[in-house]
Amino acid sequence: MAEYLASIFGTEKDKVNCSFYFKIGACRHGDRCSRLHNKPTFSQTTVLLNLYRNPQNTAQTADGSHCHVSDVEVQEHYDNFFEEVFTELQEKYGEIEEMNVCDNLGDHLVGNVYVKFRREEDAERAVAELNNRWFNGQAVHAELSPVTDFRESCCRQYEMGECTRGGFCNFMHLRPISRNLRRQLYGRGPRRRSPPRPHTGHRPRERNRRRSPDHRHGRF
């Protein structure tokens with residue numbers, strides 16, 4: 001019996017534990033769910049709830065009408081956000097294996113940032129220190145997440161551009177970062193320095209990125 005219960009834990013056959021919370025770390029029913037949301041006491045993954053704000057969903061003029069924000073501007077804003085959060089957390093808490101940001105619209109997933117650290121103790125320390133801090137004018141709410149395998153959490157149809165449920169899909173719609181930023185961030189450990197380059201007499205060229213005032217003051 002014990003082996004059977006273990007085999008169905010977190011699946012649709014499990015009538016006690018919520019399969020959505022087990023796979024995604026969130027449930028659209030919240031506290032009203034008829035099944036248990038067993039929050040982990042240890043995990044490699046920290047989730048920062050509702051931290052990312054897509055400017056296409058939030059940009060408004062003084063009279064309440066929506067401003068047009070181009071896809072290029074959204075990607076630039078997102079890359080800036082992703083780089084700042086990734087770099088800040090890795091430098092303060094430890095090496096990050098994977099970081100994912102939800103672009104869903106449902107309240108339980110919108111703007112969730114999932115940070116999978118290499119070590120469980122780094123994730124635990126991040127949760128302890130980040131709670132009640134502020135980022136971009138909003139309080140940070142962090143908790144350990146049961147999600148460690150994002151292949152089980154993400155929407156396959158969204159990845160192929162075929163999800164008919166849109167932003168209210170119950171599986172993660174993970175927004176990708178640009179290729180250049182991915183090459184820059186991943187594989188770089190905390191506080192790891194590159195070997196010195198031979199002096200060529202020329203200063204290295206910096207990336208030219210615009211940052212909004214809110215973003216410049218977004219540090220934890």
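The model is predicted, so local features need pLDDT of at least 70 and side-chain atom pairs pLDDT 80 or more, while totals for chains, interfaces and linings use all residues. Residues are numbered from 1 along each chain as its sequence is written, and side-chain values use heavy atoms, leaving out hydrogens and water.

Begin by selecting residues 12–40 and 149–176, where an unreviewed UniProt entry places the feature "zinc finger region: C3H1-type"; such annotations may be inferred rather than shown by experiment. In residues 149–176, the end C-alpha atoms lie 17 Å apart, and the span is 14% helix and 0% strand (DSSP runs: helices H or I of at least four residues, strands E of at least two, numbered from the N terminus).

Next, select residues 71–93, which form helix H4. Its 23 residues reach 32 Å from first C-alpha to last, close to the 33 Å expected at 1.5 Å a residue (1.5 Å times one less than the number of residues). Gly 94 follows H4 and has a positive phi, near 140°.

The structure holds 0 disulfides (pairs of cysteine sulfur atoms within 2.5 Å). Cys 102 is buried at 0% relative accessibility, and Cys 155 is buried at 2% (buried means under 20% relative accessible area, exposed over 50%, partly exposed in between, with a 1.4 Å probe and protein chains only).
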